[in-house]
Amino acid sequence: MKLLPGGIVKPKTTVVNKTGAWRTFIPVFDEDKCKKCGICETFCPEDCISIDENEFRHPDYDFCKGCGICAEECPADAIEMKYEEKE
Amino acid sequence: MINEMQILEGSKAVALTVKSCRVDVISAYPITPQTHIVEDLAQMVADGETDAEYIKVESEFSALSTLIGASATGARTYSSTTSQGLALMFEVLFNASGMRLPIVMTTVNRSLSAPLSIWNDQQDSISVRDAGWIQFYAEDNQEACDLLPIAYKVAEDKDILLPAMCCMDGYILTHTFEPVEIPEQSLTDEFLPSYQPKYVLDPENPLTFGAYADPSIYTEFRYQQHDAMLKAYKKFEEVVREFEKVFGRRYGLVEEYKLEDAEIVLISMGSLVGTMKDVVDELRRDEEKVGILKIISYRPFPAEKIYKAIKDAKVVLVLEKDVSVGMEGGLLSDIKSFMYNREDRPSIFGFSIGLGGRDVTIGDIKGLVSRVKRREAEEFEFLNLRREVL
């Protein structure tokens, strides 16, 4: 793809650009501790936490930047930030 | 076709020319000695003499930022500033050139604080040399006007798309009344077609300008700007030929004055050249082989034209109203840098002159020519330094 002078791009680049690659720490959700309160989803600045049919929450690792806000806010300590090993 | 010669203040002549370029959006913040230009334009908008939008802002940073938005929608845009105002625009200058928006701005040349000075030198525009803007310098008010439609036509070309700065010396040009020809609107319309960019900001077809570029692609964007500036060299020559056909006045990237057999070549930019021409006329009467190379286009830099003009000279004197503190003048450095790898190299001397509005007289210039001839000049010096106060 040729560059358009001026750095001009069409919308939806954020769908293509997987910003999860910027992450250093990864949130790991523990369903045994989760109370399904939804606070993690409310606070997530990327709005990338979704709910499954059993009301458990799951971050979208393609876009989670590992900021740790969900882990900080979780009242049940059900989210642990772990150093993410990358190839 | 009637082109009436009028006696106009430089600022008024520039404002009338901006109007004739059918500018869509003007945004500027008043600052001495640019004020008359934007006051005149504001008056024309208020009186309904032009359809342009005049967007009032609280700073020069906002003025240029406003024009970035306007230009991205496809509007033809204009601003004017000077000195501290240009310094405040620094960040935005790079955004305008990086987004490849052909904004045109009159930079009224004024010294930078501190110490506070409202008077003329060219430190402001020389200091933003690397911002990716085309830079032209006017010797007189006719040039300050004519370079505007030329700047729009070069800047808006689809292969160029760079912003352009038309520089004119504060007070010496802006506040001086001179005979100026403001062409008939029909002539300007014939020369300057409307701006039709390929990509525009439009809610129906959203785009992002100046998006994020990571290290894998940033270099290529910078190269595109560099390449466009090199292309602007040829484009300028094409555009001034068209300008001459329509308006009858001829311009070049440089102007040669009595250079044919010149052994001593004086180089400068802006209104100083007018005084230098009088000096050369006097010295020629005394059979001194002296000539002038005037630089109109500082960016794109006319390296080959300068080389051709000075290669057979014995000595070159670069006179400029700026200094890269601790080094030498900017124009001097640029000329010396490309001459280094050439075979024929005259001796090159540089002088910082007329800083902070100090008058430059015929005697000053004659004096430095004779000092260089007597081998008394240093490679670079501040001319007429008052050693008694140091």
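Helices (H or I, at least four residues) and strands (E, at least two) are DSSP runs, numbered from the N terminus. The legends below describe a predicted model, in which local features need pLDDT of at least 70 and side-chain atom pairs count only at pLDDT 80 or more, while totals for chains, interfaces and linings use all residues. Residues are numbered from 1 along each chain as its sequence is written, chains are lettered from A and ligands numbered from 1 in the order in which they are written, and side-chain values use heavy atoms, with hydrogens and water left out.

**View 1. The fold and dimensions of chain A.** Chain A contains three helices and four strands, which follow one another from the N terminus in the order α-β-α-β-β-α-β. The C-alpha atoms of chain A fill a box of roughly 50 × 30 × 20 Å along the principal axes. The radius of gyration of chain A is 16 Å, whereas a compact globule of 87 residues would have a value near 12 Å (taken over C-alpha atoms; the globule rule is 2.2 Å times the number of residues to the power 0.38).

**View 2. A salt bridge within chain A.** A:Arg23 and A:Glu84 form a salt bridge whose closest N and O atoms are 2.9 Å apart (a side-chain nitrogen of Lys or Arg within 4 Å of a carboxyl oxygen of Asp or Glu). Because A:Arg23 lies in the loop between helix 1 (13–16) and strand 1 (25–29) of chain A, and A:Glu84 in the segment after strand 4 (79–83) of chain A, the pair ties together parts that are 61 residues apart in sequence. Over all chains, the count by this rule comes to 35 salt bridges.

**View 3. The interface of chain A with chain B.** Nine residues of chain A are in contact with 14 residues of chain B (heavy atoms within 4.5 Å). The two chains, A and B, bury about 1,100 Å² between them, with 71% of this on carbon and sulfur atoms (accessible area, 1.4 Å probe, that two parts lose on being put together, summed over both). Of the area that chain A buries against chain B, A:Leu3, A:Gly6 and A:Ile8 supply 45%, more than any other three residues. Between chain A and chain B there are zero salt bridges but five residue pairs in polar contact, both residues being at pLDDT 80 or more (a pair of N or O atoms within 3.5 Å; within protein, one must be able to donate a hydrogen and the other to accept it, and residues adjacent in sequence count only if both atoms are side-chain atoms).

**View 4. The two domains of chain B.** Chain B is divided into domain 1 (5–247) and domain 2 (255–389), with bounds that come from an automatic or database domain assignment. The centres of domain 1 and domain 2 of chain B, taken over C-alpha atoms, are separated by 28 Å. In chain B, 26 residues of domain 1 are in contact with 29 residues of domain 2, and the area buried between these domains is about 2,100 Å², of which carbon and sulfur atoms give 54%. B:Arg129, B:Glu139 and B:Tyr233 supply 30% of the area that domain 1 of chain B buries against domain 2 of chain B, more than any other three residues.

**View 5. Polar and charged pairs between the domains of chain B.** Five salt bridges are counted between domain 1 and domain 2 of chain B, and the side chains of B:Lys305 and B:Glu237 meet in a salt bridge at 2.6 Å, N to O. Across the interface of domain 1 and domain 2 of chain B, 16 residue pairs are in polar contact, both residues being at pLDDT 80 or more.
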